Structure formats: structure tokens, C-alpha cells
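Here's a quick briefing for anyone meeting this structure for the first time. Have a look at it, then read on.

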Amino acid sequence: MFLKINAEGKVPVIKFDEKWVSDSDIITQILEEKYPIPQLVTPPEKATVGLKIFSTFIGFLKSKDPNDGTEQALLSELSTFNDYLNENGPFVNRKDISAADLLSLGPKLYHLEIA
């Protein structure tokens, strides 16, 4: 059933005005237009917060050498992100939740926790 709605099988997906939308940027834009408060757009100066976590995690998962530094690189990225949230959080955009939290970092950190 899901693949009939979204042939690529991508998430997130949501139905707006009888049309299914699977692009997170477009979903955010539609939500911003329909519900302007709270604003979900991540301020440009905060768009790179936590950006390297998932790619570093993938590098760690693919690594076959426990001494190649990928584990330390991942721990360093997570520590940097944790420090950022401790100083600025609880969300990327301080007290306001944003698309970075909901559509980017949240799902990726969840996958990291599961793995």
C-alpha cells in the first residue's frame, strides 16, 4: 500500500490537499505556509549543526579496521553536538524546535541509537 502512495518508498511522506508529498523541504515549506507559528525553518547560521554526524556514523559502520579512527571521529562529532545542545539547546534553534530537529537530526539520531 505504501509504495502505491510513494513509489520510491521514501519517508517522510504526508498528504496535503489530497496530494502526497515526500520531499522534506517541500513538506516544511507547506507547513510554514499553513502554520507559520512556530516557525520550522532552520536559521541558515544553524543549518550545519550536527551535519556530519550521520556521514561519520556510516563511515564507522562500514569500517572493518577498529583502529582506523572512525569510532573516535563519530564520538567527537557526537560530543561536539552534545556540547552545542548543552550551551544552546534544548533544540538546534535554542528553545524553538525546527526542521533540523524534526526532519534531519531526530531521525538520524534515532537510527544511530537503534544500530
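Going along the sequence, the pattern is α-β-β-α-α-α-α, made up of 5 helices and 2 strands. Helices (H or I, at least four residues) and strands (E, at least two) are DSSP runs, numbered from the N terminus. This is a predicted model, where local features need pLDDT of at least 70, side-chain atom pairs count only at pLDDT 80 or more, and totals for chains, interfaces and linings use all residues. Residues are numbered from 1 along each chain as its sequence is written, and side-chain values use heavy atoms, with hydrogens and water left out.

**Overall dimensions and contacts**
- The C-alpha trace spans about 50 × 35 × 20 Å along its principal axes.
- Take the contacts (heavy atoms within 4.5 Å) between residues at least 6 apart in sequence: 40% of them join residues at least 24 apart.

**Burial**
- Of the 115 residues in the chain, 25% are buried.
- Buried means under 20% relative accessible area, exposed over 50%, and partly exposed in between (1.4 Å probe, protein chains only).

**Charges**
- The chain carries 12 positive and 17 negative side chains, and the centres of the two sets sit 6 Å apart.
- Lys and Arg count as positive and Asp and Glu as negative, while His and the chain ends are not counted.
- A charge is placed at NZ of Lys, CZ of Arg, CG of Asp or CD of Glu.

- Leu3 belongs to helix α1 (residues 2-5).
- Leu3 is exposed, with a relative accessible area of 55%.
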